[in-house]
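Open the model in your viewer and keep the selection tool ready. This tour goes from one side chain to the next.

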Amino acid sequence: MTRTALRLVTDADLDAYEAEQAARRELTARHAWALHSGDELELRRVEALIAGHDIAHGTQILASHAA
């Protein structure tokens, strides 16, 4: 039973990781689109979403794609 419980935690962790990575990809794509389109309002919205995501997850989305 313990082995099954550990596998469920592992699957849950993998699902959470995949969801976080999908969110990063979506925010990065939205940011690139806003930069390309010149839509200042959308750019500010996406930057605010990215800042919130970075705070919540301890990441730096824009810094990892700036290089």
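Select histidine 53 and glutamate 20. Their side chains make a polar contact at 3.5 Å. A polar contact here is a pair of N or O atoms within 3.5 Å; within protein, one must be able to donate a hydrogen and the other to accept it, and residues adjacent in sequence count only if both atoms are side-chain atoms.

A word on what you are viewing. This is a predicted model, where local features need pLDDT of at least 70 and side-chain atom pairs count only at pLDDT 80 or more, while totals for chains, interfaces and linings use all residues. Residues are numbered from 1 along each chain as its sequence is written, and side-chain values use heavy atoms, with hydrogens and water left out.

Stay on histidine 53. Is this residue buried or exposed? Histidine 53 is buried, with a relative accessible area of 10%. (Buried means under 20% relative accessible area, exposed over 50%, partly exposed in between, using a 1.4 Å probe and protein chains only.) Now show its surroundings. Neighbours within four places in sequence aside, histidine 53 is in contact with Glu20, Ala23, Arg24, Leu27, Gly58, Thr59 and Ile61. Contact means heavy atoms within 4.5 Å.

Histidine 53 lies in helix H2, so colour that helix next: it covers residues 40-57. Helices (H or I, at least four residues) and strands (E, at least two) are DSSP runs, numbered from the N terminus.

Next, the charged side chains. How many salt bridges does a search of the whole structure find? It finds four. The criterion is a side-chain nitrogen of Lys or Arg within 4 Å of a carboxyl oxygen of Asp or Glu.

Select glutamate 40 and arginine 44. They form a salt bridge, with the closest N and O atoms 3.0 Å apart. Both lie in helix H2, four residues apart, about one turn of the helix. Glutamate 40 is partly exposed at 46% relative accessibility; arginine 44 is partly exposed at 45%.

Glutamate 47 is partly exposed, at 27%.

Now pick glutamate 42 and arginine 45. Their side chains meet in a salt bridge of 3.7 Å, N to O. Glutamate 42 is buried at 13%, whereas arginine 45 is partly exposed at 47%.

Arg30, Glu42 and Arg45 are linked in a network of salt bridges.
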